[in-house]
Amino acid sequence: MSAAPGPVAAGGMPSRAGALRAVLHRWTGEEAFAGGTCEGTRWHDGALRLAAPVGRAPYDDPFGHGCLDWEFGRWTSPWTRLPFGAFDLIPSWTADAPDGTRLEVRLQIRDGGGTEWGWYVLARWCAGDAVVHRATVPGQIDGGGRVEVDTFLAGPRGLASYRISVVLARRPGGTEQIALSGLRVAASAPAPQGEPAMSPDAAARAAASSGVAWGTVLDVPGRSQGVHAGHCPQWDGGGEAWAGPACTAMLVEYFGRGPDAADLAWLDPQDPAPQVDFAARQVFDYGYRGCGNWAFNVAYAARFGLDGLVLRLSSLTDVERFVAAGLPVATPLSARSGELSGAGPDLAAGYSYDTAGNILVVRGFTIAGDVVVNDPLSASDDATHRVYPRAAFERVWLTGGAAGAAYVLRPRDRPLPPRPPGEPPRW
C-alpha cells in the first residue's frame with residue numbers, strides 16, 4: 001500500500017461506473033445504542049460512556065509507551081444482516097478519547113455459508129499520542145477474510161452479516177472521560193456480472209436527480225500537501241504522503257473549525273498552513289505508518305464538534321446530493337496516465353493525471369456537470385482548484401482501488417441530504 005490513498009479495495013471490484021452496491025449502518029443516539037449489549041457502559045449526556053468497568057487488562061504499546069494497565073467496558077451491536085453479499089466493511093466513529101483513554105473497534109462476521117469468524121481488531125484509537133499510540137493491527141487473516149488497515153476484506157465466501165464491538169478503556173483511577181456518540185459501518189460489493197447495481201426504478205430516480213448541484217461550487221479553502229514536503233518526518237514527512245491530512249484540514253476549515261494557537265505552538269511559526277501538520281500528527285496510524293487511514297481522518301474531526309462518516313457511494317449523483325446540501329466530499333482515487341485529464345491554474349495543456357493513490361475534495365460541479373475539486377497534489381494552496389471531466393472522474397473513482405469510497409464531515413446540526421428512496425441507505 002502506498003502512503004497516500006487508504007485501504008486497498010477487495011479484488012474483483014466493478015469494471016464499470018455505477019456497478020457498485022453499498023449500504024451504511026448507523027448507531028447514533030440512545031435508542032440506537034439500546035439495541036446492542038452494554039457491559040460496563042451506559043448512555044449518558046449524549047454519548048455512550050464507561051460507567052462501571054467490567055475488566056482490567058494490560059496493553060503493551062508496541063510504538064514506545066510500554067505496557068500499561070487499562071480498565072474497560074464494551075458495547076456490542078446485534079448481528080446485522082447485509083442486504084447483499086458484501087466484499088468489504090469500513091467502520092467510522094465519532095468519539096472523545098482524551099489522553100489516558102482509548103477506544104478499540106472489533107468485528108465478528110458470518111460468511112455466505114453461515115460460518116462465524118473473528119474477532120478482528122479494526123482500530124486502536126485515541127485522540128492524542130501522549131499516553132498510547134493510535135494504530136491498526138497488521139497481519140490479521142483467516143478463512144473469513146483479512147484486515148487491510150481500516151478495512152475488512154471478506155474471503156471467498158463473502159460476508160452475509162456482522163456484529164461490531166467497541167471497547168472503551170481508561171487508565172485505572174483516571175478521571176478522564178471517554179465518550180462514543182456515533183458509530184457507522186459501510187459495506188459494499190460489485191453488482192453481479194450483467195446485473196445493474198440499481199433497479200430500473202432507482203436508476204430512473206438517479207437520472208432525474210442528476211444535475212441538482214450543477215453550477216454549485218462550495219467555498220472550500222485549498223490546501224496543498226506539496227508545500228509540506230519534508231515536514232514532521234516522524235509522521236510520514238509531508239508531500240505526497242499527506243493527501244489525507246490536507247483534505248481533512250480543508251473540510252474542517254470549511255466549517256470554520258480547527259486547532260487554536262495553543263494547539264499549534266509546537267510547530268514552526270513560518271509553516272504556511274500549520275493546521276495540515278497538526279492534522280497529520282492527529283490522524284497518523286502508527287501500525288500502518290501513514291496518514292491515509294480514512295477512519296482516523298474522520299475521527300479527528302470530533303475534537304472540533306464535527307461528525308465524520310466513511311461511505312461507499314454508487315455514483316457522482318450521490319456526491320451531488322451532498323454538495324447541494326452544502327457538504328463537500330473527500331474522494332480517494334487512483335489513475336494511470338491517460339485515464340483522467342483536467343484543467344487547473346498549474347496544469348499544462350494536455351495534462352494527464354497519474355497517481356497510485358490520492359484524495360481530493362469534491363466541492364462542486366460546473367454548469368455542464370463536470371467535477372470541481374480541490375486537489376492537494378498541487379504545487380501551492382492557490383493551485384489546488386481543478387476541474388475534471390465528469391465521466392472520466394466517475395469511472396476512475398468507482399473502478400479503481402477506492403471503489404466509490406468517500407468521507408464527509410459535518411457540524412452536528414447540519415443535516416445529511418435526503419437518502420434515495422427504495423434503496424439500501426448509503427448514508
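Figure 1. Where pLDDT is low, the predicted coordinates should not be read in detail. For the protein chain, the average pLDDT is 89, and 88% of the residues reach a score of at least 70.

**Figure 2. Overview of the protein chain.** The secondary structure consists of seven helices and 21 strands. The protein chain has 427 residues, of which 57% count as buried. Among the contacts in the protein chain with a separation of 6 or more, 74% are between residues 24 or more positions apart.

Figure 3. Strand β1 spans residues 20-28 and includes Leu 24. Leu 24 has a relative accessibility of 2%, under the 20% cut-off, and therefore counts as buried. Beyond its neighbours within four places in sequence, Leu 24 contacts Arg 184, Val 185 and Ala 186, as well as Leu 309, Val 310 and Leu 311, and also Pro 425, Arg 426 and Trp 427.

**Figure 4. The packing of helix α3 against helix α4.** Helix α3 comprises residues 243-254 and helix α4 residues 274-283; the two pack at an angle of about 115 degrees, and their axes are 8 Å apart. This angle makes α3 roughly perpendicular to α4. The crossing of the two helices, α3 and α4, is right-handed. From α3, the residues making the contact are Pro 245, Ala 246, Ala 249 and Glu 253, while α4 contributes Gln 275, Val 276, Ala 279, Ala 280 and Val 283. By class, the residues of this contact comprise seven nonpolar, one polar and one charged.

**Figure 5. The crossing of helix α6 and helix α7.** Helix α6 covers residues 316-324 and helix α7 residues 390-399; their axes come within 11 Å and cross at roughly 105 degrees. The two helices, α6 and α7, are therefore roughly perpendicular to each other. On the α6 side, Leu 316, Thr 317, Val 319 and Glu 320 meet Arg 390, Phe 393, Glu 394 and Trp 397 of α7. The residues of the contact between α6 and α7 are divided into four nonpolar, one polar and three charged.

Definitions and conventions
Residues numbered from 1 in each chain as written. Predicted model: local features only at pLDDT ≥ 70, side-chain atom pairs only at ≥ 80, totals over all residues. Heavy atoms only, no water. Axes fitted to C-alpha atoms, helices over the stretch in contact; angles between N-to-C directions. Helix = DSSP H or I, 4+ residues; strand = E, 2+ residues; numbered from the N terminus. Parallel < 35°, antiparallel > 145°, perpendicular 65-115°, else oblique. Left-handed = near helix turned anticlockwise from the far one by under 90°. Contact = heavy atoms within 4.5 Å. Nonpolar A, V, L, I, M, F, W, Y, C, P; charged D, E, K, R; others polar. pLDDT = per-residue confidence, 0-100. Buried < 20%, exposed > 50% of the residue type's maximum accessible area, 1.4 Å probe, protein only.
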